[in-house]
Amino acid sequence: MSLIQLLPVGDAEPSWLGTLAPALTAEFGVRCEILTAKLDPRFSLHPERQQYLSTEILARMQAYLAPNSYRLLGITPLDLYIPILTFVYGEAQLDGPCAIVSTYRLRQEFFGLPPDEDLLQLRLLKEAVHELGHTLGLTHCQNYECPMAASHTVELIDLKGTKLCAGCRAQSLGKFHQ
Amino acid sequence: MSSKGNILIVDDELIVRDSLGRWFCDEGYEVGTAGSAREALNLVAQQPWDLALLDIKMPGTDGIELQRRLREIKPNLIVIIMTGYASVDTAVTALKNGAYDYVVKPFDPDEITHTVQNALSHRRAEQENVRLREAVAEVARPPELIGQSTAMKRVFEAIVTVGPTEATALITGESGTGKELVARAIHAASPRKYNRLVVIHCGALAETLLESELFGHEKGAFTGAQYRRKGSFETADGGSVFLDEIGDISLKTQTDLLRVLQEREITRVGGNQSIHVDFRCIAATNKSLEKLLEEGLFRPDLYYRLNVFRIELPPLRDRREDVPLLVEHFIRKFSGSMNKRVGSVSREAVDKLQHYGWPGNVRELENAVERAMVVAQEGELGEKDFSLTLASSESADQTLEEAERAHILRVVEACGGNQTQAATVLDIDRVTLHNKLKKYGWKRTPVESP
Ligand SMILES: [Zn+2]
Ligand SMILES: [Zn+2]
């Protein structure tokens with residue numbers, strides 16, 4: 001049975017997950033549920049960087065995989081990093097079960113701008129589709145409007161759409177129903 | 001989906017290999033990792049790689065040494081050095097050894113993406129243009145950059161090394177040693193060669209003029225600014241900017257220049273908008289920047305920005321063995337334009353030229369050959385053909401006027417009384433020569449008619 005589960009990592013706003021679930025169902029055509037459990041990511045905090053190591057969180061998330069779950073997506077308000085990069089918007093296990101996205105650098109406040117909840121939701125959806133795409137074996141797409149396009153700045157995220165391009169869709173199609 | 005390229009990551013830290021490896025996989029690259037130089041060399045021997053990211057600090061063979069070996073076995077492999085801290089020294093060593101670039105850990109995701117993409121696309125463009133590049137490389141070394149001396153070989157190597165990188169190059173050397181030629185060669189050896197090289201002689205311009213030359217100006221910025229004008233950094237537009245006589249610029253202009261080098265942004269004189277500019281900087285000086293630093297006449301931060309990769313051009317007196325080659329070259333060059341059949345130069349003349357001090361360096365030698373050819377008969381350039389240009393440096397007890405008189409008369413005699421020809425040799429106009437000859441009481445010696 002195909003199922004996407006959403007896991008709050010740290011103090012993720014319930015409204016983010018609430019909005020995200022139906023949108024992901026619409027995009028991937030599978031059921032999406034929000035877990036009541038919550039992952040406390042303090043173990044992954046780097047004291048000097050004050051950032052959380054996404055790779056370690058992904059490893060810890062394995063324990064939350066339900067037998068009927070197909071993909072598990074963590075949502076966090078915290079700033080994520082991998083050792084070699086200054087930050088990441090998210091990380092996924094390529095062709096694996098777990099992925100995580102962070103809203104930390106998607107917020108307008110991060111850039112000293114007034115909050116914009118709708119814009120944040122939209123960016124989060126794009127990044128959620130992006131990381132889930134990786135778990136379905138997709139790599140970055142050359143089409144800059146496709147959510148699978150590489151985007152390391154919000155400007156590039158804002159250029160993208162929420163729907164996978166035909167090529168990425170065809171490649172990932174059926175993964176959920178194998 | 002086809003791979004965007006093969007990347008080899010070499011780092012002794014597992015976590016770096018893992019996280020960077022996975023990240024590049026997501027980006028669509030084929031990735032291999034090695035935990036040591038030995039592993040890396042094995043992998044390089046087994047399969048082709050487009051690009052290698054090398055950690056500079058590894059136990060045993062470090063990144064710099066590994067890069068040196070890789071360069072021998074796989075000269076086409078693009079190497080990017082990863083360093084844990086911003087160290088100009090290591091960066092310079094890496095660039096000198098031919099690294100494409102260096103990145104400081106941790107990387108900004110956007111920046112590393114661009115660095116890798118640019119490196120690969122430059123290489124692809126190069127591969128597509130191998131032929132063209134070879135043709136350009138021929139042109140790339142200007143014919144005047146001639147020499148087989150060790151000092152010049154070092155210069156050629158430096159050009160080949162730094163040319164293809166983005167590093168700022170600082171060329172030092174006395175006047176007339178050919179600093180602009182080196183700048184042109186560096187530009188021609190770079191991926192920016194299809195764009196312009198903008199040359200600015202900083203010492204020749206007053207401060208305000210230089211500023212408008214470098215940064216451009218808006219209409220009405222100052223009296224006479226009737227039109228908006230783009231400056232050098234803007235017109236370079238993907239090319240290079242050559243700043244000659246960088247030691248001559250004022251502290252104020254140095255401050256502005258520093259900003260451009262750091263931010264890659266300019267503001268036109270009289271304007272308030274920041275404009276992004278894309279250029280590679282090549283600078284040259286015949287003054288000692290170190291001395292100017294000590295005297296407080298040069299900003300240290302600008303000095304460090306400029307002094308990333310240094311090429312020192314030797315004075316001609318320090319490479320006398322190159323004199324015969326240069327003379328031959330200039331003879332060929334001028335015999336074409338003068339339509340004169342001078343094929344060679346006598347042994348005695350060469351000897352004399354090799355022992356001269358050449359305070360004006362190659363440029364002075366070029367002028368000397370040109371003048372000798374004006375006065376020479378067809379055939380061979382002899383010692384006497386050079387006497388006009390070199391002899392004056394021998395007597396030290398003459399007044400300037402005496403020396404001038406003797407020199408002018410010698411030249412005119414050597415030209416068989418032909419004042420037009422003599423004026424050319426002396427590099428003065430005919431009227432001036434005529435007046436001087438009148439003053440010195442020169443009388444044309446009667447020429448026998450045939
Ligand atoms: Zn991605
Ligand atoms: Zn796509």
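## Close-up views of the two chains

**Arg264(B) is found in the loop between helix H11 (251-263) and strand S11 (265-267) of chain B.** Helices (H or I, at least four residues) and strands (E, at least two) are DSSP runs, numbered from the N terminus. This is a predicted model, in which local features need pLDDT of at least 70 and side-chain atom pairs count only at pLDDT 80 or more, while totals for chains, interfaces and linings use all residues. Residues are numbered from 1 along each chain as its sequence is written, chains are lettered from A and ligands numbered from 1 in the order in which they are written, and side-chain values use heavy atoms, with hydrogens and water left out. Arg264(B) is not a glycine, yet its phi is positive, at about 55°. Most residues other than glycine have a negative phi, and most peptide bonds are trans. With a relative accessibility of 24%, Arg264(B) counts as partly exposed (buried is under 20% relative accessible area, exposed over 50%, and partly exposed in between, with a 1.4 Å probe and protein chains only).

The bond in question runs from Lys105(B) to Pro106(B), and its omega is near -10°. To find Pro106(B), look in the loop between strand S5 (101-104) and helix H5 (109-128) of chain B.

**Trp358(B) sits in the loop between helix H15 (347-355) and helix H16 (361-375) of chain B.** Here is another residue other than glycine with a positive phi, this one near 50°. Is Trp358(B) buried or exposed? Trp358(B) counts as buried, because its relative accessibility is 1%.

**Aromatic rings meet in both chains.** Rings of Phe, Tyr and Trp (its six-membered ring) pair if their centres lie within 6.5 Å; planes under 30 degrees apart count as stacked, over 60 as edge-to-face and the rest as tilted. By this rule there are nine aromatic pairs over all chains. One of them joins Tyr303(B) to Tyr304(B), edge-to-face, with 5.3 Å centre to centre and 70° between the planes. Tyr303(B) is buried, at a relative accessible area of 7%, whereas Tyr304(B) counts as exposed at 58% relative accessibility. Tyr356(B) and Trp358(B) also form an edge-to-face pair, 4.5 Å centre to centre with 85° between the planes, and both of these residues are buried. In chain A, look for the aromatic cluster formed by Tyr104(A), Phe110(A) and Phe111(A).

**Arginine side chains sit over aromatic rings in chain A.** A charge sits over a ring if NZ of Lys or CZ of Arg is within 6 Å of the ring centre and within 35 degrees of the ring normal. The charged end of Arg60(A) sits over the ring of Phe43(A), 3.8 Å from its centre. Arg71(A) places its charged end over the ring of Tyr70(A), at 4.0 Å from the ring centre.

**Helix H7 (residues 150-162) and helix H8 (residues 179-188) of chain B cross at roughly 35°, with axes that come within 8 Å.** Axes are lines fitted to C-alpha atoms, for helices over the stretch in contact, and angles run from 0 to 180 degrees between N-to-C directions. Val155(B), Ile159(B) and Val162(B) in H7(B) meet Val182(B), Ala185(B) and Ile186(B) in H8(B), where contact means heavy atoms within 4.5 Å. The residues of this contact divide into six nonpolar, no polar and no charged (Ala, Val, Leu, Ile, Met, Phe, Trp, Tyr, Cys and Pro count as nonpolar, Asp, Glu, Lys and Arg as charged, and the others, Gly among them, as polar).

**Val412(B) is found in helix H18 (residues 400-414) of chain B.** At 0% relative accessibility, Val412(B) counts as buried. Which residues does Val412(B) contact, leaving aside its neighbours within four places in sequence? The partners are Gly417(B), Asn418(B), Ala422(B), Leu433(B), Leu437(B) and Trp442(B). Val425(B) is 13 residues from Val412(B) along the chain, and their C-alpha atoms are separated by 9.1 Å.

**Each chain can also be viewed as a whole.** Chain A has five helices and eight strands, and 53% of its 178 residues are buried. Chain B has 20 helices and 16 strands, and 49% of its 450 residues count as buried.
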